Amino acid sequence: MSGSSSQIQKYPMGWRVLHWLMAVMVLTLIPVGLWMSSRAEADNWGPLTDVLYSSHKAVGFSVLLLMVVRILVKLRVKSPPYPSTLPRRLQLAAKGLHHLIYLLLVLTPLFGWAGVTAYPALVTVAGYHLPAMPLVPQDSALAEKLFAVHGVLAITLSILIAGHIAAAFRHMLRKDGIFRRML
């Protein structure tokens, strides 16, 4: 076991820092998004709801920008190989899950940004305004549809992230070296 785990290659430090920074951001966005939505549905507006929305927009837009960086890094830096002891089907499942998560980490904030552009509600933390998304008109009915898609994508992303976390814990408990690649 120790011979195979010593062959485990890690992701570069910058990649690992970016992964964990984004993990904290996304794992914050999910409960904040649910909380702010539940407050809005209950018609519970006020300073707390405003802070939740403002923070959610600022962090969500930051995730989108960091995903651009992450994709550029992924195109330039090769991922460390999976250990040969990991079955091919699990390697393919992991790659597929990662690709879906990447896709949703781009699409989910894009739909949120389009929604706040259409609404319009571009003010975020400390009065900072997000730029309006090009080609998205101000239209409250459109905004409602965009926010609905954003919500479905966010829930789907949450489910995939839960699977990703469960797999990470499984690898951590099995001590097969996969978890250490990103630690």
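The dialogue below moves from the overall fold to the helices, the cores, the rings and some individual residues.

Biologist: What kind of model is this, and how are the residues numbered?

Modeller: This is a predicted model, in which local features need pLDDT of at least 70 and side-chain atom pairs count only at pLDDT 80 or more, while totals for chains, interfaces and linings use all residues. Residues are numbered from 1 along each chain as its sequence is written, and side-chain values use heavy atoms, with hydrogens and water left out.

Biologist: How many helices and strands does the protein have?

Modeller: Helices (H or I, at least four residues) and strands (E, at least two) are DSSP runs, numbered from the N terminus. The protein has 5 helices and 0 strands, giving the pattern α-α-α-α-α along the sequence. Its C-alpha trace spans about 60 × 35 × 30 Å along the principal axes.

Biologist: What share of the residues is buried?

Modeller: Buried means under 20% relative accessible area, exposed over 50%, and partly exposed in between, with a 1.4 Å probe and protein chains only. Of the 183 residues in the protein, 36% are buried.

Biologist: How is the length of a helix judged, for instance that of H2?

Modeller: The expected span is 1.5 Å times one less than the number of residues. H2 has 29 residues and should span 42 Å, and its end C-alpha atoms are 42 Å apart, which agrees. H3, with 30 residues, reaches 43 Å from its first C-alpha to its last, close to the 44 Å expected. After H2 comes Asp 43, whose phi is positive, near 55°.

Biologist: Which elements pack against the buried residues of H2?

Modeller: Contact means heavy atoms within 4.5 Å. The buried residues of H2, among them Trp 15, His 19, Met 22 and Arg 39, pack against H3, H4 and H5. In H3 the buried residues include His 56, Lys 57, Phe 61 and Arg 70, and their cover includes H2, H4 and H5.

Biologist: Which residues touch the most other members of the largest nonpolar core?

Modeller: A nonpolar core is a set of buried Ala, Val, Leu, Ile, Met, Phe, Trp, Tyr and Cys residues joined through side-chain atoms within 4.5 Å. The largest one has 19 residues, and those touching the most other members are Met 22, Val 63, Met 67, Leu 105 and Leu 157. Two or more residues come from each of helix H2 (13-41), helix H3 (47-76), helix H4 (88-118) and helix H5 (140-174). H2 gives the most to this core, with 6 residues. Apart from it lies another core, of 12 residues, including Phe 61, Trp 113, Ala 118 and Leu 130.

Biologist: What does Leu 157 touch?

Modeller: Not counting residues up to four places away in sequence, Leu 157 touches Ile 101, Leu 104, Leu 105 and Thr 108.

Biologist: How is a pair of aromatic rings described?

Modeller: It is described by the distance of the centres and the angle of the planes. Rings of Phe, Tyr and Trp (its six-membered ring) pair if their centres lie within 6.5 Å; planes under 30 degrees apart count as stacked, over 60 as edge-to-face and the rest as tilted. The count here comes to 4 aromatic pairs. One of them, Tyr 11 with Trp 15, is tilted, at 4.9 Å centre to centre and 50° between the planes. Both Tyr 11 and Trp 15 are buried.

Biologist: Where does the charged end of Lys 74 sit?

Modeller: A charge sits over a ring if NZ of Lys or CZ of Arg is within 6 Å of the ring centre and within 35 degrees of the ring normal. The charged end of Lys 74 sits over the ring of Tyr 102, 5.5 Å from its centre. Arg 181 lies over the face of Tyr 82, at 4.4 Å from the ring centre.

Biologist: Why does His 150 count as buried?

Modeller: His 150, in helix H5, counts as buried because its relative accessibility is 16%. Beyond its neighbours up to four places away in sequence, His 150 touches His 56, Thr 108, Phe 111 and Gly 112.
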